[in-house]
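Please walk through the structure below, moving from a helix pair to the nonpolar core and then to a loop residue.

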Amino acid sequence: MVRCNELALFTEEPGRITRPYGTPSLAAAREKVALWMQEAGMEVRIDAVGNLRGRAHGSAPTMPALLLGSHLDSVRDAGRYDGPLGILVAIEVVDSVRARHWTLPFPVEVIAFADEEGLRFQTSYLGSCALAGSFAPAFLDLIDADGVTLHEAVGTFGGDPGALPAAALRPREARAYVEVHIEQGPYLESVDAPVGVVTAIAGQSRILTAFSGEAGHAGTVAMHLRRDPLSAAAEIVLAAEDLARQTSGLLATVGTMDVTPGASNVIPGQVRFSLDVRHPEDAVRTSAVAAMERRAHEVAVTRSLGVEWKIARDHPAVPCNGSLTTQLAEAVAAAGLPVEWLPSGAGHDAVVMSEVVPVAMLFVRCAGGISHHPAESVLTSDVAAAIDVLDRFVTMLADEKRE
Ligand SMILES: [Zn+2]
């Protein structure tokens with residue numbers, strides 16, 4: 001907890017935590033974490049994109065490594081646990097193994113990913129993409145708000161744009177990636193559990209949609225003659241909420257709405273809005289999206305409106321690995337804690353890492369489910385529980401190796 005507080009001091013904006021990719025504050029935070037990794041007996045290095053990788057070699061250094069970790073970058077005005085907690089919990093576990101004068105039968109690597117939130121270049125997961133070998137060369141041409149290219153930023157951050165392809169994990173270099181992260185939702189609090197085992201990371205569809213009708217005078221156009229796109233949008237907002245409430249696990253959110261021309265005495269002429277749909281099962285999500293599209297067309301026909309429906313983003317769900325999650329659950333039970341299962345509604349580095357290794361995640365209860373906000377908060381005892389569970393999990397994998 002002290003280390004989380006220390007890392008919170010590394011920021012680009014005094015008074016609040018803002019630590020984007022490639023910045024001096026992230027480099028300084030990375031240096032601090034590297035020191036803690038070394039104190040825990042790890043050998044550290046910085047890879048081509050600027051991820052910090054600390055390695056405890058174990059008694060069989062050539063065996064596939066167990067990868068642990070999370071991200072060190074942040075959103076603007078962030079909390080202090082989203083990301084750093086997963087790195088620090090992993091370091092604690094490695095340190096506790098070392099303190100017991102025990103050598104694991106396989107290498108463990110703790111990774112502090114350099115970019116998960118995508119604050120600076122609007123592209124998330126740059127850090128894990130490098131490891132998964134999915135870092136597209138075109139990413140290097142991305143430009144930040146100050147006109148700096150990602151190519152330049154990688155260089156000044158101690159990385160090497162030319163070596164990016166070589167930063168990818170080689171076959172059999174890693175056996176699994178396991179990430180501890182705050183829940184960012186209220187479920188664990190509602191069931192009074194310190195930690196939870198993640199079943200899957202929800203798939204997500206982001207739809208940009210619009211209704212167009214006819215603008216007119218609010219005082220002269222009779223109600224039955226109106227073609228009001230905002231009333232149609234209101235129907236869709238409520239229909240999406242209704243569908244999500246009636247479908248277990250489905251989340252539907254209208255988060256933006258632009259009303260044109262946007263005056264209190266003018267009937268709107270056009271309304272553009274977003275619809276975000278998430279579910280841990282792809283079939284449920286895609287059928288919900290299809291149902292909402294049908295509904296939008298019905299509403300448009302009934303109200304004589306034009307309709308646009310564009311899927312801007314379509315990410316499939318990522319199931320966590322069955323045997324790893326079972327072992328995580330066993331570790332939770334062995335720690336004397338209730339075993340709670342939950343999907344993740346938010347994306348994580350594990351999404352990208354799942355392209356190359358089996359993944360699992362352990363969530364830690366956070367106050368009010370609040371995240372991406374300075375009020376983010378976790379209980380010290382819950383963090384202790386997460387360390388205990390991850391320690392037991394690593395020990396379990398080690399025992400399995402010995403059998
Ligand atoms: Zn995060």
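**Helix packing, core and a loop residue**

In this predicted model, helix H2 passes helix H3 in a left-handed crossing. H2 supplies Val33, Trp36, Met37 and Glu39 to the contact, and H3 supplies Ile87, Leu88, Ile91, Asp95 and Arg98. By residue class, the contact of H2 with H3 consists of six nonpolar and three charged residues, with no polar ones.

Two packed helices are described by the angle between their axes and the distance between the axes. For H2, which covers residues 24–39, and H3, which covers residues 84–99, the angle is about 20 degrees and the axes lie 9 Å apart. Because angles under 35 degrees count as roughly parallel, H2 is roughly parallel to H3.

In soluble globular proteins, nonpolar side chains tend to be buried together. Here the largest nonpolar core has 77 residues, and Ile91, Phe135 and Leu150 touch the most other members. Ile91 is also one of the H3 residues in the contact with H2. Apart from neighbours within four places in sequence, Phe135 is in contact with Val49, Leu126, Cys129, Ala130, Leu140, Leu150 and Leu164.

The last stop is a loop. Val339 sits between helix H9 (322–334) and strand S15 (341–344). Is Val339 buried, partly exposed or exposed? Its relative accessibility is 31%, so Val339 counts as partly exposed. When neighbours within four places in sequence are left aside, Val339 is in contact with Ala329, Val332 and Ala333. Lys310 is 29 residues from Val339 along the chain, and the C-alpha atoms of the two are separated by 40 Å.

Note on methods
Residues numbered from 1 in each chain as written. Predicted model: local features only at pLDDT ≥ 70, side-chain atom pairs only at ≥ 80, totals over all residues. Heavy atoms only, no water. Axes fitted to C-alpha atoms, helices over the stretch in contact; angles between N-to-C directions. Helix = DSSP H or I, 4+ residues; strand = E, 2+ residues; numbered from the N terminus. Parallel < 35°, antiparallel > 145°, perpendicular 65-115°, else oblique. Left-handed = near helix turned anticlockwise from the far one by under 90°. Contact = heavy atoms within 4.5 Å. Nonpolar A, V, L, I, M, F, W, Y, C, P; charged D, E, K, R; others polar. Core = buried A, V, L, I, M, F, W, Y, C linked by side-chain atoms within 4.5 Å. Buried < 20%, exposed > 50% of the residue type's maximum accessible area, 1.4 Å probe, protein only.
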